[in-house]
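Please consult the sequence and the coordinates shown here while reading.

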Amino acid sequence: ECFKCRRCSRDVTSRYVEGADGAPYCRGCHVKIFAPRCACGCGEGLEGGVTSALGRKFIEGHFRCTDCDGEFRRGKFNRVRDSEDGKDERAVCD
């Protein structure tokens, strides 16, 4: 008996990931449905290279300056708190 991905119906008999609902999924669909989301707001699931910053997780290359959208050189950035309670924290170029 073959297994099919619950989302896309691809044959996953030889390789599948069990979802939180117990059903088989191909890796791509599993990431789309169950993986935690990138903190940049792109909506993509975290998979592979991940950057941790400001207490959040980003897909590699998605942690960028909120002012100019540029990449941070050598991982250096400045934290900016936009509210007194510090909850609205963002990163800008060094």
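Q: How much space lies in the largest pocket?
A: This is a predicted model, in which local features need pLDDT of at least 70 and side-chain atom pairs count only at pLDDT 80 or more, while totals for chains, interfaces and linings use all residues. Residues are numbered from 1 along each chain as its sequence is written, and side-chain values use heavy atoms, with hydrogens and water left out. A pocket is an open set of points on a 1 Å grid over the protein atoms alone, where a 1.4 Å probe fits and protein lies on both sides within 12 Å along at least five of seven lines. With points joined across faces, edges and corners, and volume taken as the space filled by probe spheres set on them, the largest pocket holds about 170 Å³.

Q: Which element gives the most residues to the lining of the largest pocket?
A: Lining residues have an atom within 4 Å of a point of the pocket; among them are L54, F58, F63, E89, R90 and A91. Strands are DSSP runs of E with at least two residues, numbered from the N terminus. At least two lining residues come from β4, and at least two from β6 (89–93). The greatest contribution, 3 residues, is that of β6.

Q: How many bridges join strand β3 to strand β4?
A: Two strands pair if DSSP finds at least two bridges between them. Strand β3 covers residues 50–53 and strand β4 covers residues 56–59, and the two run antiparallel. They form a hairpin with 2 residues between them, and L54 in the turn has a positive phi of about 55 degrees. T51 stands opposite F58, and the bridges between the strands number 4.

Q: Which residue of β4 is the bridge partner of S52?
A: S52 belongs to strand β3. S52 counts as exposed because its relative accessible area is 54%, where exposed means over 50%, buried under 20% and partly exposed in between (1.4 Å probe, protein chains only). Its C-alpha atom is 8.7 Å from that of F63, 11 residues away in sequence. The bridge partner of S52 in β4 is K57.

Q: Which residues do ring pairs link into a cluster?
A: Rings of Phe, Tyr and Trp (its six-membered ring) pair if their centres lie within 6.5 Å; planes under 30 degrees apart count as stacked, over 60 as edge-to-face and the rest as tilted. By this rule there are 6 aromatic pairs; F58 and F63 form a tilted one, with 4.9 Å centre to centre and 45 degrees between the planes, and F63 and F72 form a tilted one with 4.9 Å and 45 degrees. F58 and F63 are buried, as is F72. The cluster linked by ring pairs consists of F58, F63, F72 and F77.

Q: How many disulfides does the count give?
A: A disulfide is a covalent bond between the sulfur atoms of two cysteines; here the term requires a pair of cysteine sulfur atoms within 2.5 Å. The count by this rule is 0 disulfides; for C26, the nearest cysteine sulfur is that of C29, 3.5 Å away.

Q: Which residues of helix α1 are buried?
A: Helices are DSSP runs of H or I with at least four residues, and α1 spans residues 27–34. The cover over its buried residues includes β1 (17–18) and β2 (24–25). The buried residues of α1 are C29, H30 and V31.

Q: Is R37 buried, partly exposed or exposed, and what is its relative accessible area?
A: R37 lies in the loop between α1 and β3. Beyond its neighbours within four places in sequence, R37 is in contact (heavy atoms within 4.5 Å) with residues including V31, G43, L46 and K57. Its C-alpha atom is separated by 9.4 Å from that of E47, 10 residues apart along the chain. R37 counts as partly exposed because its relative accessible area is 34%.

Q: Where is D69 placed?
A: Most residues other than glycine have a negative phi, and most peptide bonds are trans. D69, however, has a positive phi near 65 degrees. The place of D69 is the loop between β4 and β5 (77–81).
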